[in-house]
Amino acid sequence: MEAKFFRFLKIVGVGFKARAESEGRLLFLKLGYSHEVELSVPPAVRVFCFKPNIVCCTGLDKQKVHQFAAAVRSCKPPEPYKGKGIMYTDEVIKKKQGKKSK
């Protein structure tokens, strides 16, 4: 399968990791929950983990690649105060200001 469309996801947070198994058919995410999140990858999409915090979704169908990347991102979307979570590599998170001290 020759990949045409890519979507890179970056995982930010202490202890947050990802790993792909069984030739890109399963994706396991450690996101600070009490359990590992397991996602099965659709047939038209492949998943690779270059580092434990960078995930690449690739495939021939642009809509399916982006839909699966959005499903992965929805497991832990980036939060606006510290910026932790799963985000696209080209995404910019606008951070909010915390509480003001007197």
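Predicted model: local features only at pLDDT ≥ 70, side-chain atom pairs only at ≥ 80, totals over all residues.
Glutamate 36 makes a salt bridge with arginine 19, with 2.7 Å between the closest N and O atoms. (A salt bridge here is a side-chain nitrogen of Lys or Arg within 4 Å of a carboxyl oxygen of Asp or Glu.) This pair ties together distant parts of the chain, 17 residues apart: glutamate 36 sits in the loop between S3 and S4, and arginine 19 in strand S2. Glutamate 21 also meets arginine 19 through their side chains, in a salt bridge of 2.8 Å, N to O.

Residues are numbered from 1 along each chain as its sequence is written, and side-chain values use heavy atoms, with hydrogens and water left out.

In total, the structure holds 4 salt bridges. One of them pairs aspartate 90 with arginine 7 at 3.9 Å, N to O. Here the partners are 83 residues apart, with aspartate 90 in the segment after S7 and arginine 7 in strand S1. Aspartate 90 is exposed, at 58% relative accessible area.

Now for the sheet. Strands S2, S3 and S4 line up in that order as an open, antiparallel sheet. (Strands are DSSP runs of E, at least two residues, and helices are runs of H or I, at least four residues, numbered from the N terminus; two strands pair if DSSP finds at least two bridges between them.) S2 (17-21) and S4 are the edge strands, each pairing on one side only. S3 and S4 are joined by 4 bridges, and leucine 27 stands opposite leucine 39 in S4.

Leu27 turns up again in the largest nonpolar core, which has 21 residues; Leu27, Leu29 and Phe68 have the most contacts inside it. (Such a core is a set of buried Ala, Val, Leu, Ile, Met, Phe, Trp, Tyr and Cys residues joined through side-chain atoms within 4.5 Å.) H1 supplies the largest share of this core, 4 residues.

Methods: Buried < 20%, exposed > 50% of the residue type's maximum accessible area, 1.4 Å probe, protein only.
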